[in-house]
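Hello,

Here is the structure I said I would pass on. My notes come after it.

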Amino acid sequence: MNDADRLDEISEVIFRLSQLASDHVILVEGHKDVAALESIGISGDICCVQVVGGAVRASEYVWKAGKKAVILTDWDRRGGILAHDLRDNLSTLGVEYDDTIRRDLAALTRPFAKDVESLDSVLALLKRRTSRE
């Protein structure tokens, strides 16, 4: 896949995320992830799983908010384990969740990054590289 196609596909996934942000809680690992999302125009109810006390507490937060969740942990080993724990806890509470955004971003950014906090850097890199073509 060339850089222009990759940039287009990442932009489409980010657009999907922005649509979900209006009525979902976005679950990320930490403050740097929040900053990266805000820098690419994503706002809304973003919950830092590690800050609130882990997967159980984050899942309870979503449940109490009466919303659905977007699991957007990093796509490294630790983020994968946390995503698994979130899926289990959210399911136990009967909370619907989306983990396709995470899956798609992982596949599209894997050559460049392994975490949410790098999304803004990856987009900037791809924009620079495509503007030279």
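Predicted model: local features only at pLDDT ≥ 70, side-chain atom pairs only at ≥ 80, totals over all residues.

Residues are numbered from 1 along each chain as its sequence is written, and side-chain values use heavy atoms, with hydrogens and water left out.

Strand β1 spans residues 24–28, and five of its five residues are buried, so the rest of the structure largely encloses it. Buried means under 20% relative accessible area (1.4 Å probe, protein chains only); strands are DSSP runs of E, at least two residues, and helices runs of H or I, at least four, numbered from the N terminus. In a regular strand the side chains alternate between the two faces of the sheet. Here H24, I26 and V28 lie on one side and V25 and L27 on the other, so both faces of β1 are covered.

β1 runs parallel to β3 (residues 68–71), joined by four bridges, and L27 stands opposite I71. Four bridges also join β1 to the parallel strand β2 (residues 45–48), where V28 stands opposite C48. Pairing requires at least two DSSP bridges between the strands.

Helices α4 (residues 55–65) and α5 (residues 77–92) pack at about 45°, with axes 9 Å apart. Axes are lines fitted to C-alpha atoms over the stretch in contact, and angles run from 0 to 180 degrees between N-to-C directions. Contact means heavy atoms within 4.5 Å; A55, V56, A58, S59 and V62 in α4 meet L82, D85, L86, N89 and L90 in α5.

Regards

Technical notes
Buried < 20%, exposed > 50% of the residue type's maximum accessible area, 1.4 Å probe, protein only.
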